[in-house]
Amino acid sequence: MILAAAESLQVRTMTIDELLEEFEELLDWEEQCDFLIDLGFELPHFPVELKCDENIVRGCQSLVWLVAEHVVGNGVSMVSIQADSDSMIVKGLIAVLLAAYSKKTAQQILDTDIEALFERMGLNQHLSSTRRNGLHGMVQRVRCFAAEHAV
Amino acid sequence: MSDTNSEQFDAEAVRSQFPVLNQKLKQGRPVFLDSAASAQKPNVVIEKEREVEEQYFANAYRGRHSFGERINEELESSRQKIADFIGASSAAQISFTAGTTLGLNQVAFGWGRGRVQAGDEIVVTPMEHHANFVPWQQLAMETGAILKLLPLTDDARLDASAFTSVITERTKIVAVTAMSNVLGTINPVSELVRYAHAVGAIVVVDGAQSVPHSLTDVTADDVDFLVFGGHKIYGPTGVGVIYGRADRLEEIQPIVFGGHMVSDVSVERSGWASCPARLEAGTLPIVQAIALGAAIDWVNEIGFDLVQAHEHSLLLAATNRLMEIPGMTIFGPSSDYKGAIIAFRIDNLHPEDLAAMLDRRAVMTRHGHHCAMPLHELLGVTATTRASFAVYNTLEDVDALIDAVQFARQKLRLV
């Protein structure tokens, strides 16, 4: 139990660079897909009361809930994202998104070239079009929030 | 299924006639369980397409040269094969179109527009593919008619006890699939025809799923229109068929104009050729329509007795083994009332994840709403995984499906 908790903490603080490093060491898409699924299982718990209609991201075949909010850490206002899905592979993609956007201000999120990241990971190539649409739906949701709150 | 049938039917020999299935993929032997979306083609169909392209291709019903004449002969021969295959009394009742979807639109608007009035009723079922649902919905909206649904039983069959209350004097059209593309449910077409004709309504049958897997007899069933596509019956894409009863073909109007569908054209007006030409605007999918005849020959050669017995044995084997998997729900009626299509869900396993994991074992299924959103709403799920079987599938494919489902459960930590 303690080990599992420690691992989950580790993943939660995994930076996108660390994630990419592990991801790119894997042999092929099969292994990468398994890795994404593992990441999905380690996603922070998403409160059930947030699973409401207004938090649903449209454009996904699977259900995706996403909540973005402001948190203040070390005197800096950052965007915090929580998300969940009924699809394990989508949960893995959420983990990638959270790593890419973690500890970022609204402006930094807007400045992040997330497409380049997806391209580098080969996601556009390996995901079905509905999954790609869903992923872009999530990105849009986060970017809209960031655009409203960027200073 | 009797033992005699299984002895006569050599599934591997059938499978070996499909080049696409004889490949070795990185993940293994391709296990194609998505034939309800589109079936693979045997060598004879591919060779027929090649023969036309390489030996005598020309436009149809136009050039009076040797290629043109040969094309006309081949097309008419294919038309006759199709007529015989579905029990039509004449090849003139067979029009080529682009596919089931266009065909159903041609029937809905070509026959319905001008005949369906405000307050009339169009009856469909909740298990229709969007191609046999949306055209009727749109026709109803355009004309002020009312779209009514036949209710389903708990096991997703048409509720026959409601036929008299739903199909009434106000009904103009009953549009029904002969076999559900999601559940595999086989609908009682001839019974519906009796109810519909008794009140003066016509019956339009979506035969996309049924025609490839069971014997069709439009004359015995007395259907008014039947539409199906080429690519689900081991033929090419881009070609479909509209069958119409002779009197209905007199009534139907074209909705696509140009090409040899006219009798005469002046600046002021145009007159229409009679069917089948009337519904064949523009250049036909010539190669595809000819190769569809080859596909039909191929199916005839095996014969529906064996096709049905084999597909039903696959359905039973797959259903029994899937039901052993914890958390399994199979939608629709029992195997007695359906074709070889299984739509299922496993608790805590998203259909898209499942399909992706199955694909890693070269098991190709479809996931989603299968172009039948009203049905999925009724089933209370947004998506299902669908395994659909065809004559080239084998018991080895059933084993592969079960192994792949177990693999998915393991990877997604359900075991």
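**Group meeting: a predicted two-chain model**

Good morning. Chain A contains 8 helices and 2 strands, where helices (H or I, at least four residues) and strands (E, at least two) are DSSP runs numbered from the N terminus. What I am presenting is a predicted model, in which local features need pLDDT of at least 70, side-chain atom pairs count only at pLDDT 80 or more, and totals for chains, interfaces and linings use all residues. Residues are numbered from 1 along each chain as its sequence is written, while chains are lettered from A and ligands numbered from 1 in the order in which they are written.

Let me begin with chain A. Read from the N terminus, its elements follow the order α-α-α-β-β-α-α-α-α-α. The radius of gyration of chain A is 15 Å, in agreement with the value near 15 Å for a compact globule of 151 residues; this radius is taken over C-alpha atoms, and the globule rule is 2.2 Å times the number of residues to the power 0.38. Along the principal axes, the C-alpha atoms of chain A fill a box of roughly 40 × 40 × 30 Å. Of its 151 residues, 32% count as buried. A residue is buried if 20 or more other C-beta atoms lie within 10 Å of its own, exposed if 12 or fewer, and partly exposed in between, with C-beta atoms placed from the backbone. Among contacts in chain A between residues at least 6 apart in sequence, 65% join residues at least 24 apart; two residues are in contact if their C-beta atoms, placed from the backbone, lie within 7 Å.

How do helix 3 and helix 4 of chain A cross? Their axes come within 7 Å and cross at roughly 80°. The axes are lines fitted to C-alpha atoms, for helices over the stretch in contact, and angles run from 0 to 180 degrees between N-to-C directions. The two helices of chain A are therefore roughly perpendicular to each other. By the convention used here, angles under 35 degrees count as roughly parallel, over 145 as roughly antiparallel, 65 to 115 as roughly perpendicular and the rest as oblique. Helix 3 of chain A contributes Cys33(A), Leu36(A), Ile37(A), Leu39(A) and Gly40(A) to the contact, and helix 4 of chain A contributes residues including Met88(A), Ile89(A) and Leu93(A). The contact residues divide into 8 nonpolar, 2 polar and 1 charged. Here Ala, Val, Leu, Ile, Met, Phe, Trp, Tyr, Cys and Pro count as nonpolar, Asp, Glu, Lys and Arg as charged, and the others, Gly among them, as polar.

I turn now to the interface. The contact between the chains takes 10 residues from chain A and 10 residues from chain B. On the side of chain A, the elements that give two or more residues are helix 3 (29-41) and helix 4 (88-101). Helix 3 of chain A gives the most, with 4 residues. This side of chain A divides into 4 nonpolar, 3 polar and 3 charged residues.

Next, chain B. Its secondary structure comes to 15 helices and 15 strands. Its radius of gyration is 22 Å, close to the 22 Å that the globule rule gives for 415 residues, so chain B is as compact as a globular protein of that length. The C-alpha trace of chain B spans about 70 × 55 × 40 Å along its principal axes. Of the 415 residues of chain B, 49% count as buried.

In chain B, helix 12 (residues 304-323) and helix 15 (residues 395-411) pack at an angle of about 20°, with their axes 10 Å apart. Helix 12 of chain B is thus roughly parallel to helix 15 of chain B. Their contact involves Leu314(B), Ala317(B), Ala318(B) and Arg321(B) of helix 12 of chain B, and Leu395(B), Val398(B), Leu401(B) and Ile402(B) of helix 15 of chain B. These residues divide into 7 nonpolar, no polar and 1 charged.

Finally, some local backbone features. Most residues other than glycine have a negative phi, and most peptide bonds are trans. In chain B, a cis peptide bond joins Cys275(B) and Pro276(B), with omega about 10°. Pro276(B) is placed in the loop between strand 10 (270-272) and helix 11 (286-302) of chain B.

Which loop holds His370(B)? His370(B) lies between strand 14 (366-368) and helix 14 (373-379) of chain B, and its phi is near 50°, a positive value. Cys371(B), found in the loop between strand 14 and helix 14 of chain B, has a positive phi near 55°. His370(B) is buried, with 24 other C-beta atoms within 10 Å, whereas Cys371(B) is partly exposed, with 17. Thank you.
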